[in-house]
Amino acid sequence: MPMNVSTAAGEVASLLQALRSLRPQLAENGARADREHADPGENMALLGDAGAARLLVPAEFGGLWEGWTFGGWGHFVKAMTEISAGDGPTGQNWGTTALVCREIFGARDALPERTRAEIARRVLDEGLRLVASNAEAGVAGRVTARAVRGGVVLSGTKSFNTNSGGGGLANVGCVLEGGPGGRHHVLVELSHPDVELHDDWDNMGQRGTCSQTVTYHDVFVPDGWHYAGVDPAPEFVGAVMLLHAALMQGIGDGALDAMVDYVRTLKRATLPEFATAAEDPLITRRIGEVSSRLAASRALLDATAETVAQLDNAGAEAVSQATVAAIRAKVACVEASLAAASTVHEVSGARSTSNRFRLDRFWRNARTFASHDPTDTKNVYIGRYETSGELPPISTLLRV
């Protein structure tokens, strides 16, 4: 039964404040995970203890997500930003679980009630992590499922399985042999003995996402744990762009936090006439510039997320406008985040480049994720909308 609206709003506000207070601890754990090229399991446990999973589960199953598939998206984006400000990989991992939850719980007619209830219980009580196992770039062949008595057998390899470093459940996009056509989804336990985790994620940034290759060696999955894919809602692209934007915004906010904390400890200014770095106008001007730019991108991000959250049953024009606004927000967040991350060492000086501080991780994380789908393509998309008044096919310009 849905809870009282004012009660839910109060719980969300308290949760967001709790997540904000975790940022220093998330950052400390994240720096260590980055150094060790490890899954940030400590951070995921902290989020579980804080109750962050309640934002991922519908109210009917005990969560705080009310309404349609992207209901409460504004709250989710704020939470995603706070978590990512603590640690970018932790934010991406948590956001991946969130997006798969929206897909699974939104598929009301595709999955049995008991399956969705069990997943909700595990997300809330056990910290179950979910993986969007969809990418096939760089691997041979398609992942397929074939029907057998009592279920399906899944075979093939997927690349870029973000959030797979801590186990959990993969939502695997595939082709069902002999099926009606279109995408099929199979829910697979990553601990299954016929699942091979390749441990080949060796990128310069977002190391803790463990976005490794996964191979499914004829994995049997029972009926009730696979379902026919459905066409994404028109609002899907805008919602995903905002998820990406929140991750980038958070990395930029975290870079600003680290920059300010480090500068406060400096006893030497850039200009010799000033006693400390905090008094040096060359330094404070740069910090102010970064702060203002991040504040502007965050304002656009939050406002657009609230708009998307209200799009249920909206007309095509409203959806188009919100989609373009969401893409603008991602452009703004990417640019603000990259600017903040690249300013850290300019402001904090040569000693801050020591690996002891790991301050370079902000640029490495921001640059790695920003390369997912180039900003130029988004500006082309926005420009075409501005000049034609029509939304071009998303598949022509953006990979989502």
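**Figure 1. Strand 4, a largely enclosed strand.** In this predicted model, strand 4 covers residues 169-176, and six of its eight residues are buried, so the rest of the structure largely encloses it. Strand 1 (residues 130-133) pairs with strand 4 in the parallel sense, over four bridges. Look for Ser133, which stands opposite Val172 of strand 4. Strand 2 (residues 144-148) also runs parallel to strand 4, joined to it by two bridges. Here Ala145 has Leu176 of strand 4 as its bridge partner.

**Figure 2. The hairpin of strand 4 and strand 5.** Strand 5 (residues 183-189) runs antiparallel to strand 4, and seven bridges join the two. One handy landmark is Gly173, whose bridge partner in strand 5 is His185. Six residues lie between the strands of this hairpin, and Gly178 takes a positive phi near 75°.

**Figure 3. Two cysteines without a disulfide partner.** A disulfide is a covalent bond between the sulfur atoms of two cysteines. How many disulfides does the structure hold? The count is zero. Cys174 shows why: its sulfur is 19 Å from the closest cysteine sulfur, that of Cys101, which is too far for a bond. Cys210 is in no disulfide either, and the nearest cysteine sulfur, again in Cys101, is 19 Å away. Is Cys174 buried or exposed? Cys174 is buried, with a relative accessible area of 1%. Cys210 is buried as well, at 14%.

**Figure 4. Trp73 and the largest nonpolar core.** This core has 90 residues, and those with the most contacts inside it are Leu47, Trp73, Trp94 and Leu242. Helix 7 (residues 236-265) supplies the largest share of the core, 16 residues. Which residues does Trp73 touch, once its neighbours within four places in sequence are left aside? Its contacts are Leu99, Arg102, Ala239, Leu242, Leu243, Ala305, Val308 and Ala309. Apart from this core lies another, of 16 residues, including Ala170, Cys174, Val188 and Val214.

Figure 5. Side chains of opposite charge can pair when their charged atoms come close. The whole structure has 27 salt bridges. One of them joins Glu11 to Arg54, with the closest N and O atoms 2.3 Å apart. Glu11 belongs to helix 1 (residues 5-21), while Arg54 sits in the loop between helix 3 (41-50) and helix 4 (73-86), and the two are 43 residues apart. Glu11 is partly exposed, at 28% relative accessibility, and Arg54 is partly exposed too, at 26%. Another salt bridge pairs Arg129 with Asp39, the closest N and O atoms being 2.6 Å apart. Here the partners are 90 residues apart: Arg129 is in the loop between helix 6 (113-126) and strand 1, and Asp39 is in the loop between helix 2 (23-36) and helix 3. Arg129 is buried, with a relative accessible area of 8%.

Figure 6. The side chains of Lys378 and Asp373 form a salt bridge, 2.7 Å from N to O. Both Lys378 and Asp373 are buried.

Note on methods:
Residues numbered from 1 in each chain as written. Predicted model: local features only at pLDDT ≥ 70, side-chain atom pairs only at ≥ 80, totals over all residues. Heavy atoms only, no water. Core = buried A, V, L, I, M, F, W, Y, C linked by side-chain atoms within 4.5 Å. Buried < 20%, exposed > 50% of the residue type's maximum accessible area, 1.4 Å probe, protein only. Contact = heavy atoms within 4.5 Å. Disulfide = S-S within 2.5 Å. Pairing = 2+ DSSP bridges. Salt bridge = Lys/Arg side-chain N within 4 Å of Asp/Glu carboxyl O.
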